[in-house]
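Q: Could you take a close look at the cavities in this one for me? I'd like to know where they sit and what lines them.

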Amino acid sequence: MRPGEAAIKQEYLVMLDEQPKQKEPPAQKESEVPEENHGKENESESASTEPPPPKKQKTKGQNKARPRTVPKVASEFRICPNVHRGTVCQYGDKCKFMHDVREYMEKKPKDIGEECINFQLTGKCKYGVECRYAKSHLTENYENIVVEEKYKEYLENYSEKDQNVLTRDLMNILRKKKFKYEKTSQYLKKMALVDSRPSRGEDGQQNTKNEMPGVPENVLNNNENTTVSKSQNHIPEKVTSQPEEATPSPATTVGCVTDEDVIKLRQCEKKKVDFKDKLYLAPLTTVGNLPYRRVCKRLGVDITCGEMAMSTNLLQGGQGEWALLRRHPSEDVFGVQICGGYPDSMSKVAELINAECNVDFIDINMGCPIDLVFKKGEGSALMGRLSKLEKVVRGMVEVSDIPITIKMRTGIYENKNTAHKVVPMIKEWGVGAMALHGRTREQRYTKAADWEYINQCAQLSDPIPFFGNGDILSFEDANLHRENTHVSGLMIARGALIKPWIFTEIKEQRHWDISSHERFEILREYTNFGLEHWGSDHKGVENTRRFLLEWLSFLHRYIPVGVLEQPPQKINQRPPAYVGRDDMETMLASRNANDWVKLSEMLLGPVPDNFIFLPKHKANSYS
């Protein structure tokens, strides 16, 4: 057994020595060495004019140059949308799509299966002839079959607002910037009158840049009648205005007499969420989609949260970003995570979600380590911009009728934890709950999670609910951290990707030696959820395949309990190459992406020509 590898029973390692070894490149012969290099082998490096070899870079981050995962279909092989809707195409011969349905069906790839999941659930498949399971709901003349009673019942129970669907009317309002953010406007005006001093970062240096992008500089700079009390970290603990007898500010005030005291909800009147003793599925970018959350919900998770959504894209009515807010009826406690770094945009998003979506809480992303996000002052960068963070949190709490929560890391730099300074401040700003991932931004996943520090911060957050996150892969890990710390609940991320049945294990207090058949059925369930969510046409099938493969890049790390020498598996241990108890278990354990593609073909049919899959993340996330 190599260092860092899990201990596997000897009988499952019998094939290890028979695996072919990689051949090393042949050594260069002396006769092949260029003449100008003869006799220079023993010279010192200082005398050499050759540049030093480049340092080997660590494999981390993203595969940014990976090929397109969802191949496009040429227009001449697609049916015209007007024909699909049963209307006449206004472009005639100039239209680049196909208009003959019979010809389209002859050239269309063979159906994947006999039963369409969307037709079974709703009584009508909206994809019609484009569906990859079309034979189950088409007549001989290629007309779409509709089960009227079942479809009518589906429409009666379906609510776009409850499922957080971006309607066309709302999209037009957002793109034309006609949505009225009344509560946010009041908050920004109030902030413009009480805060005119430059912001200070974690290092104490002044930042002369306007902290309120939506408020004019002259309004911020003309306010002379405010007092700010400063703490040791230069963070305003309390902001108060001068008494009424003081000289009025030269800045023009708007709405000095309002009905804010009448309509504003007090903290005790806002919606409450019971976070205590709950299992929380962390917001997971790319893989934490709605079909995956449905799988985890069936396997016992209590709280789910959508993928990270960018505030500016939501305000602009981006369909792709709004898709991250979708909610399934089975998600009884559901939140959305928003990433942003400015008080005006974050407050607007909170007000927009309150008005147009059905969610139980809004989570502020204060832990994303990605450079693209960090350099914009968002994600984990907010831990070093505490003055701006206060405006963001206070603004979202003020305009929101549902709890605002925060997920953060222990700090930005590897050897400098700062969360213990931030937690007491956040507690005073009115948040509903906090979650702490036990690593800094620079550490990413290269070190073990610091649960002693998580416990220290959990004690500082009392009585605000506090979740600990990091390195939980078994019910024994969960028990250890729950019993020895003051956390209110546990947040699980990578552990749920490697084995989503971890929630069942924690609740039933057992190691589940799940069979390969049961694991494959979970994958089948996921693909059905994916076809229901992304669609059963070509694009929907390939989207489902793409996200399934991304999940398999984590799922293959699971080591079955019956194969381990001594359970439980630890998250920082690599699974060695081993042979499973049957062929399916061996394939599920494969580290070869081609085997993952074969698994997807067993569920979603053959892949398109020239299909190549490369996982989004390079890092294998072992410490």
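A: Here's a walk through the cavities, with a bit of background on the whole chain to start.

This is a predicted model, so local features need pLDDT of at least 70 and side-chain atom pairs count only at pLDDT 80 or more, while totals for chains, interfaces and linings use all residues. Residues are numbered from 1 along each chain as its sequence is written, and side-chain values use heavy atoms, with hydrogens and water left out.

First, the background. The protein has 23 helices and 12 strands; these are DSSP runs numbered from the N terminus, with helices being H or I of at least four residues and strands E of at least two. Of the 623 residues, 50% are buried, where buried means under 20% relative accessible area with a 1.4 Å probe, protein chains only.

Now the cavities. Searching the whole structure turns up 5 cavities of 30 Å³ or more. A cavity here is a set of points, on a 1 Å grid over the protein atoms alone, where a 1.4 Å probe fits but cannot get out, and lining residues have an atom within 4 Å of a point. Grid points are joined across faces, edges and corners, and the volume is the space filled by probe spheres set on the points.

The largest cavity holds about 80 Å³ of space. It has 13 lining residues, and Asn469, Gly470, Asp471, Ala493 and Arg494 are the closest to its centre. Two elements give two or more residues each to that lining: strand 12 (489-492) and helix 18 (494-498). By class, you get 6 nonpolar, 4 polar and 3 charged residues.

Conventions. 1 Å grid on protein atoms, 1.4 Å probe; cavity = no way out; pocket = protein on both sides within 12 Å on 5 of 7 lines; lining within 4 Å. Nonpolar A, V, L, I, M, F, W, Y, C, P; charged D, E, K, R; others polar.
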